[in-house]
Each structure stands twice: as structure tokens, then as C-alpha cells.
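Good morning, and thank you for coming.

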Amino acid sequence: MDDAALSLGAIDVSYSSSLSECTVSRCKHSSEEWGECNSRPTVFRSATLKWKETLLGRNRPFVGRCCYVCTPQSRDKLFNASIPSLGLRNVIYINETHTRHRGWLARRLCYVLFVQERDVHKGMFANNVTENVLNSSRVQNAIADEASEMSVAAGSGQLDTRTTSKVKKKARRILQEMVANVSPALIRLTGWVLLKLFNSFFWNIQIHKGQLEMVKAATELNLPLVFLPVHKSHIDYLLLTFILFCHNIKAPYIAAGNNLNIPIFSTLIHKLGGFFIRRKLDERPDGRKDVLYRALLYVHVQELLRQQQFLEIFLEGTRSRSGKTSCARAGLLSVVVDALYANATPDILIIPVGISYDRIIEGHYNSEQLGKPKKNESLWSVARGVFRMLRKNYGCVRVDFAQPFSLKEYLDGQCQKPVPVPLSLEQTLLPAILPSRPNYVVEEGTEATLPDSKDLTYEPLRRQLIANLAEHIMFTANKSCAVMSTHIVACLLLYRHRQGIDLSKLVEDFFSMKEEVLARDYDLGFSGNSEDVVMHAIHLLGNCITITNTSRNNEFFITPSTSVPTVFELSFYSNGVLHVFFKEAIIACSLHAIQNKRHKNGINGIPSNMISQEQLVRKAASLCYLLSNEGSISLPCQVLCQVCHEAIEQFIQYGILVVAEQEEQEEISPSLAEQHWEKKLPEPLSWRSDEEDEDSDFGEEQRDCYLKVSQSQEHQQYITFLQKLLGPLLEAYSSAAIFIHNFSGPVRESEYLQKLHKYLIARTEKNVAVYAESATYCLAKNAVKVFKEMGVFKETKQKRDSVLELSSTFLPHCNRQKLLEFILGFVML
């Protein structure tokens, strides 16, 4: 890759000298290590790192361990103490040492020799799939049912062979699109092409050698593997297959949307293991379920798993347009679960995968975020995209394979314990918004129990188990995503230095934020000297950043661009680090909500600088529910309020929150405190367990703890930074609540969403919005979705669209105003 490439051994990266020459004399960390920094403390270091300085010299965290609650046996398998220390590897750095040959000719032909020596052959892949699927009893029944339905529609009461033959031909046509015909020769050829292409437009593609060792060990168990990666770019489809091919691991069958079923390109995808599925399974003109298509899809997946093939499924369903991990769509995952219960295979190993890019090959999704319709893929667009990629460099890529876990162990464990019926947003949020709402009852301890641990015929329970599994997988995959240099630089420029910052100060904050990410057990997708890495990120962010040369010490001044499209682009990359601080940002905004309400209403008997810990927990839980489509802070097996409580404990460790003295605590009467704020969330959400109550001192119930917020400048600045991280989300939701005041329904959801988005864009263009990135189409769509789930809108399905109208609860103007006030309470403008 020449001198400009990154050489990645265990962990170090060397950036090109051309990027570093312009800053080496102006920035301070010319010889920094992970645990050293001789500059003055920044906000991040001062606010949170003083209590954990001993952690800064440790190795990078090993991400992706499976859940010790739901899959304890899997957690102990395939993992040993030496795995985390194996370090990183650049997959696209290939030379003669990676082949069996040496010498001048081997150096020149190392790519060809490497590809030729990979273990891939026809016998590794499935055979007779089409015939086996067509001959299965489920498909035969579906064919008979559809033929019978066609006969009735034609006015003939009897089922004739002609109609049956017609339906069979239809089934075979569907399978031609669905069934992949893998070509080992084409996989080898594509591997060679990708080595050339990836080396031309990526600095490196990093993987952790220990994670690959776990995947290799899983392949030796003779069980099917299901890879479930996050979806950021079209390159995702090729990336996993390429990495597995390079490590002699069988290529997976990839579930791809039929929008990619375009001439020539579709043949290539089929030969590489891709199979096309409809974006929506029910695409019949009358809107009814397509029984035949569903049967073919179910049996096809079961047949692949029965033959111990590997699958690759994108749970998000489509690429993330926001930079955040989207909510899971568990349709295809339910097929995998059903295959296990149909005994197609004794077990299935699930592998969540995190993928991070310095810069995605698409560059950005600004046109779609501005409300323009998505352009359909075509052969010309694919060719044009390849030529565009060859002219640019997209930095580094990091792929993280989480620890494989047994699907059978997970499901058996869930079925052996009662699964609580999940509370809807209407149940969890409306009591906080409308505390005086009549006829609201929460049934405590409501649980769905499984009559038989092997029977999932109870549909609500089956759906909930699969939804929890999907959420588990997406949480782990998101936690595994490494934070890239562009993510940190974009985040700092938007939420710490929006008015601009000297380059040397930006480097200092970058260094400190890098350590913060590591200290929270998230990994980084880069390493090396901070000033070089910052310049690398600035170069990749391109037109999003303005660089000016000031007369002061010949220093560079870095300013984020203020145009709406470039702010959207910066927000996309900034969201790559949001999940690291999401939990703390929730607590920071909840602190603001409590203090803001106290300043407005006043509370007698409780000092103004005191905050009830239990009130803070409940306020944070309500904000988590409001932003449930933007991110998650807990796994389904965790109690949300307990996670909020642990986050508050972290704030106490940081010194941001201070526990009030015993004398001050005793001055506040428990009965008095209870009078001043109501329990705005249902009782089952309490974070205190029965065991804690039984073990409390003197057999009495534990009293609430009261906290004080540190007034030091560093802590206040850090709280402000955290609040700004959620600022765009809360501004979008509050603006959507304002827009509801002028709602005149009923109206089609697509039409209403379009009007809301135009309103958000207009606020931004008129400089009314504090955060321009609050006007993205994704946030508008998520706000409408949350309002539907909360019961603000009543939804009526009409074929392929929905009609919205205000629910009876929010017809009164005062209730809409309370909704707006509830959201605005968290907003710091």
C-alpha cells in the first residue's frame, strides 16, 4: 500500500507523513502514549477521569462477550484468557509471508497465490436446494391452497392439474430469485478483485485476531452459524464474506433486499451466496399474506440450516441513514428460530457483528435526510459508484465479531422463566405526562407464562421472545462497534466547539475523549499519535470543516460548516459515538428536567440544591422510553430503572453528583418528600428488589438518597456537553409536539410525515432551530412513531398506508400542551 498506507501490526498505526507535517510543530502530543498527557486537563479528563487514572495504561477492552444472564454456558465456551491479547490485524495487508511461496515472483504475485490457497470448494455449500424446497410438505400444502384459491376465484369449484401446474411454475420462478448458486471460482476471483479495490480506497480493514479465533472454533462444532451485522453501507455485503474467505471460513448465504436484484449485478450476488428476499413479505395487491412466498422462504432457510450452511442477516433491514443503529426487524430472525424448533438442526450459533467506517463509501445520506425519495439501484449507479470510490480514500474500517452464543440455550433459558408482558409506551409515559388522567390502571406482576417449554404456539409470547432476542443481538452488535476518529472529531465540533476551536485544543480534547471511550469499555478503530489522527479525520470529513490560519502563533482554527447538508453529514458521523455516552446523557438531561421544574414551581421543605435519587431514576427511565427509537441503555434481561440507578452511581464516582451529608438527609422527612413528587411510572418499574428490602438495616425499608450537583466549572461543562448530545433529538421531538397543535386530521401518515419534515426544515432555514441536525427525516419519522406508540395518534391501516388522527386523550388542547412541556423539560437551549 506504499508509504501512505497504514501498517497495522498488533495495534499501532503509522499515518502518512504528509498529514502530520503541517501539525507536528503546532500540537503538543508529539510522543504520546495511551496513558500519558502532559498538557493541562481538559473538560473530559477533569470531569470523569481523576477517579480511574489507573485504568488508562491498560490494554484495549475486548468487546462482544455474550450475556452472562441469558447465555452463561456460551459465555464460558470458545473463550480463554489469552484471546484478548492476540491484538489486531489488517486483513488487506497481504505479502509473500501469507503464502506458501517465497522469492521475487511470490512478492509480485502474492495476491494471486493467497487467493488460490484459500480453502473454498463446491462441496462446502448447499446442493439440491430448489428440489428439496419444492418437495417439502409445507410448500406442497401452500401450492395446493393457492391453486384452490385461484380455482374458486375463476368460478370453478374443482382443483384441476392445470392450475396446480401454474402455481408450481410460479413457485419455481420465486425460488430462482431466492436460491443462491455459489461459485467457488467466482469467490476466489472476487477475493482477488476486492484485495485490489480495498487497498485502493481503504487505509486498512482491521479485525481482532482473538475474535476470529472464536469464530473458527465455532465452525468446528458442525453447527450452522448466523452472522448478524449492523448495516451502515452497501460494502457490508461483501466485507464479511471477504474477511471469512481470507481466514478459510465458509462464506455465508446473505439475505439481500430485492432492490439489489438488477441485471448482471444480481447474478454476481447469487454466485457469491446472496439470495434476494422481498422488503415486505406481504406484497399481494389485496394486502393479504402471501402464503406461498412465506412457505418458500421458511423452507428455504430451514433447508440451508439443515445442511449446516452459514447465514448473514441484517436485522435493521436497511442501511442506517442516521449513523445510529436502527431498531431490529425480526422477521427473518423468526424464521431461524422456527427452524430450530422444527428440528432442522440441533442448535444454531448466533454471532452479532459490529462494523465501523471512518467514512462510508456512500459518503452521506443527505438527500434522503432532506426528504428526497431514495433512488432505485441500477447497474449504472453501481458502476458509477465503483468509479467514484476509486478516486477517493475512505480511511479505516473496523469489523468486530462478538462471541458466538447458542440459540438453543438462549431460548430454553427464556422458556424456563416467566416472561413479563412488556409495557407499552402508552402505559409507561402517559402517567408521567398526564398524572391526573382518569381510568388508568397498571396491573402489577402481569406475566405471560409458557405452558410447555418447547411449545411456542402462544403467538404473543413467541413474538416477545423473538423481539427480546433481536434486541439482545442489536445491543451487542452496537456495543461491539469501534469508535472511529471521524466520529470523535465530528462530535467535538458539533457539541463542544460549534463556534470553532484551535487545532491544538481540538487535539487535547480528542486525546481525552479517546481515553473516555476506552474507560467505558468501548474500543477504538484507530491508534497512533493524536495530532496525526485528528488531521486524518479532518481530511476525511472534507467540506464539512473549514480550516483557517490565524495570526496567533500561526495556529490553525477549525470550524464546522453551518450549511444544513454538511451539518447533517457531521451529525451522521457524530452519532457513531453517541451510544458510548447515551446513558450518561440521559442522566444529565434528567437532572436538568428536575432542576428546571423546581425553579419553575418551587418545592417547600427540600433544599433547592438537593435531588432525590429515586426521582432522578424515574425521570431518567421516562426519558429512555421517550427516546427508545434513538438508542437503548439496557438489555431486555436487565431492569431499566436498575441500569439508570447504576448510571447515577457512576456520576457519584465521577464527583459530578455528591451524596448529601447524613444530617442533611435526616432533615428531609420521607413523608414530606413523597408529597412533592408523584410516582409517575408504573410500580413494576421500581429498581429496588425484594432482596434489598429484606436485607435493609433494622428490617426497615431503605430511605431515598438525596444528592447534590457539583458546581465546579469542569463538572458543569461536562454536564452541558452531555445535554447537548441529546439536544437534536429532544428538539426534533419537541418541535413535532408543537406541530401537533395545528393537527387537522384524519390524514395519511406519509402526508403528515412530509408536512412535519418540511416544518422542521423551515425552522432550520429560518435559524429558529438551535440544532440544524434536528431536522433530519429520520428524527421526524421516529417522533411520529413514538407518538403513535404513546397513544397521541390513533392509527388506522388502509392497504399500504396508515391514516392518523388524534386520540381522544389528546384532543383537549391542554393535554397536547402537557406533552410539549414534558419534552421541553429535558431540553437545554
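This is a predicted model: local features need pLDDT of at least 70, side-chain atom pairs count only at pLDDT 80 or more; totals for chains, interfaces and linings use all residues.

**The cores, a sheet and some cysteines**

Let us begin with the largest nonpolar core: it has 229 residues, and Phe401, Leu626, Leu726 and Phe787 are those that touch the most other members. Helix H24, residues 578-601, gives this core its largest share, 12 residues. A nonpolar core here is a set of buried Ala, Val, Leu, Ile, Met, Phe, Trp, Tyr and Cys residues joined through side-chain atoms within 4.5 Å. Buried means under 20% relative accessible area, exposed over 50%, and partly exposed in between, with a 1.4 Å probe and protein chains only. Helices (H or I, at least four residues) and strands (E, at least two) are DSSP runs, numbered from the N terminus.

Residues are numbered from 1 along each chain as its sequence is written, and side-chain values use heavy atoms, with hydrogens and water left out.

Which residues does Phe787 touch, not counting residues up to four places away in sequence? They are Tyr733, Ala736, Ala737, Ile740, Val792, Phe793, Leu819 and Ile823; contact means heavy atoms within 4.5 Å.

Next, please find helix H33, residues 777-790, where Asn782 lies. Asn782 counts as buried because its relative accessibility is 17%. Its side chain makes a polar contact of 3.1 Å with that of Glu630. Such a contact is a pair of N or O atoms within 3.5 Å; within protein, one must be able to donate a hydrogen and the other to accept it, and residues adjacent in sequence count only if both atoms are side-chain atoms.

We turn to the sheet. Three strands form an open sheet in the order E18-E20-E19, with antiparallel pairing. Strands E18 (747-748) and E19 (793-798) stand at the edges with a single partner strand each, so one side of each has no neighbour in the sheet. Strands pair if DSSP finds at least two bridges between them. H33 packs on this sheet, touching E19 and E20.

Finally, the cysteines. The structure holds 0 disulfides, a disulfide being a pair of cysteine sulfur atoms within 2.5 Å. For Cys641, the nearest cysteine sulfur, that of Cys644, is 5.8 Å away. Cys641 is buried, with a relative accessible area of 3%.

How values were computed:
Axes are lines fitted to C-alpha atoms, for helices over the stretch in contact, and angles run from 0 to 180 degrees between N-to-C directions.
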